[in-house]
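Subject: The model, and what turned up in it

Hi,

Here is the structure I promised to hand over. Please have it open while you read, as my notes follow below.

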Amino acid sequence: MRKHANWRKAVKSILSGALLTAMVSFSAHQGATAQDQEAATTIEYVTFKAADGVDEAKLARVAVDVNEALTDYDGFIDRHVALQDDGTWVEVVYWRDLDSAKAALDKFLADPNTKEFLAMVDPDSVKLSFSTIKK
């Protein structure tokens, strides 16, 4: 429970921009259609490091599996997970609107379907920001 509290604190307290460098993608899911992508107005960026001892390949699989749980979240459109050369993981999540993105945070942290993923993340390394898509 303490780990989730730390994760929640880190995510909520850090709303600064995340500069994304070259990434190696580990996400190979269905993805949103072009029409779905057009509905997105908000992009959520999350960067994090793996917890000590976590296997990179397993984290990649578990991270992609989280996409299935997110399909039930109001406003969710698409999510991609990537790994940078320095070991920083990056999530790019597309949302219908900022309110949906922010409302999803508590649900994500409490969702039993994300528990394994959250346990693999170093909660002190989490940084989160939101951007508005300009059309």
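Let me start with a question: does Phe48 count as buried or exposed, and at what relative accessibility? Phe48 counts as buried, because its relative accessibility is 1% (buried means under 20% relative accessible area and exposed over 50%, with partly exposed in between, using a 1.4 Å probe and protein chains only).

Two notes on how to read this. The model is predicted, so local features need pLDDT of at least 70 and side-chain atom pairs count only at pLDDT 80 or more, while totals for chains, interfaces and linings use all residues. Residues are numbered from 1 along each chain as its sequence is written, and side-chain values use heavy atoms, with hydrogens and water left out.

**Aromatic rings**

Rings of Phe, Tyr and Trp (its six-membered ring) pair if their centres lie within 6.5 Å; planes under 30 degrees apart are stacked, over 60 edge-to-face, and the rest tilted. By this rule there are four aromatic pairs. One of them is Phe48 with Trp89, a stacked pair with 6.2 Å centre to centre and 5° between the planes. Phe48 is in strand 2 (residues 42-48) and Trp89 in strand 4 (residues 89-95), so this pair links distant parts of the chain, 41 residues apart (strands are DSSP runs of E, at least two residues, and helices are runs of H or I, at least four, numbered from the N terminus). Trp89 is buried too, at 2% relative accessibility.

Phe76 and Trp95 make an edge-to-face pair, because their ring centres are 5.7 Å apart and their planes lie at 75°. With Phe76 in strand 3 (residues 76-84) and Trp95 in strand 4, the pair ties together parts 19 residues apart in sequence. Phe76 is buried at 15% relative accessible area, and Trp95 is buried at 2%.

Phe48 and Trp89 also belong to one aromatic cluster with Phe108 and Phe117.

**Charges over rings**

The charged end of Arg79 sits over the ring of Phe117, 5.5 Å from its centre, and that of Lys107 sits over the ring of Tyr73, at 4.4 Å (NZ of Lys or CZ of Arg within 6 Å of the ring centre and within 35 degrees of the ring normal).

**Helix 3**

Among the buried residues of helix 3 are Leu59, Val62, Val66 and Leu70. The buried residues of this helix pack against strand 2, strand 3, strand 4, helix 4 (98-110) and helix 5 (115-119), where contact means heavy atoms within 4.5 Å.

Best wishes
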